Amino acid sequence: MEAGPSNESIQNAEPQEIASNEGIRSAKERLPIVIGVGLFWGFFAGAYLGGRQSSLQYLAENAHKMPKDMNSWYFYHKTKNYKVMLAGIQKGLSYSWRTAAMCGAFTGIEALLDQQRGRRDIINPTVAGITTGSIFSLIGNPPRKRSVSEQ
């Protein structure tokens with residue numbers, strides 16, 4: 001029967017480092033990367049949503065005068081595609097700056113907390129997330145749903 005480690009060897013053992021932080025960049029180094037990724041994903045999300053909304057709007061606006069022959073269908077879809085692309089680009093640019101600002105604010109607050117507290121742990125990103133979410137919810141001012149009794 002093999003015995004486990006003795007109490008003396010456990011008490012005298014050096015604490016082992018569980019995870020190495022060698023590959024993890026500081027929040028200041030990550031800031032340009034995070035903002036770039038926010039711009040990228042914000043643009044594509046906004047372009048998709050803006051294009052889809054514009055496509056449905058164009059269909060609704062022109063439902064009463066649908067094309068009758070082949071040439072009319074060609075110009076209908078050509079015009080629709082131009083309007084969808086324009087709306088997608090406009091909404092994409094709008095979303096990209098919002099997303100980049102949100103990502104930059106989160107990373108900046110996290111970097112500030114890392115510097116002020118002198119250590120990197122789970123508290124810094126948690127506080128940064130709560131702060132960023134609170135700021136953007138106050139700025140965004142989402143509309144309140146009214147109940148039937150309030151109307």
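Biologist: What relative accessible area does Phe-44 have?
Modeller: In this predicted model, local features need pLDDT of at least 70 and side-chain atom pairs pLDDT 80 or more, while totals for chains, interfaces and linings use all residues. Residues are numbered from 1 along each chain as written, and side-chain values use heavy atoms, without hydrogens and water. Phe-44 counts as partly exposed (between buried, under 20%, and exposed, over 50%, with a 1.4 Å probe and protein chains only), because its relative accessible area is 45%.

Biologist: Where is Phe-44 found?
Modeller: According to the unreviewed UniProt entry, residues 31-49 are a "transmembrane region", an annotation that may be inferred rather than shown by experiment. Over residues 31-49 the chain is 100% helix and 0% strand, with its end C-alpha atoms 27 Å apart. As for Phe-44, its place is within residues 27-61, which form helix 2 (helices are DSSP runs of H or I, at least four residues, and strands of E, at least two, numbered from the N terminus).

Biologist: How far apart in space are Thr-131 and Ala-105?
Modeller: Thr-131 belongs to helix 4, residues 123-140, and is partly exposed, since its relative accessible area is 29%. Although 26 residues separate Thr-131 from Ala-105 in sequence, their C-alpha atoms lie at a distance of 9.1 Å.

Biologist: Which residue follows helix 3?
Modeller: Helix 3 runs over residues 70-117, and its 48 residues should span 70 Å (1.5 Å times one less than the number of residues), so the 69 Å between its end C-alpha atoms agrees. After helix 3, with a positive phi near 80 degrees, comes Gly-118.
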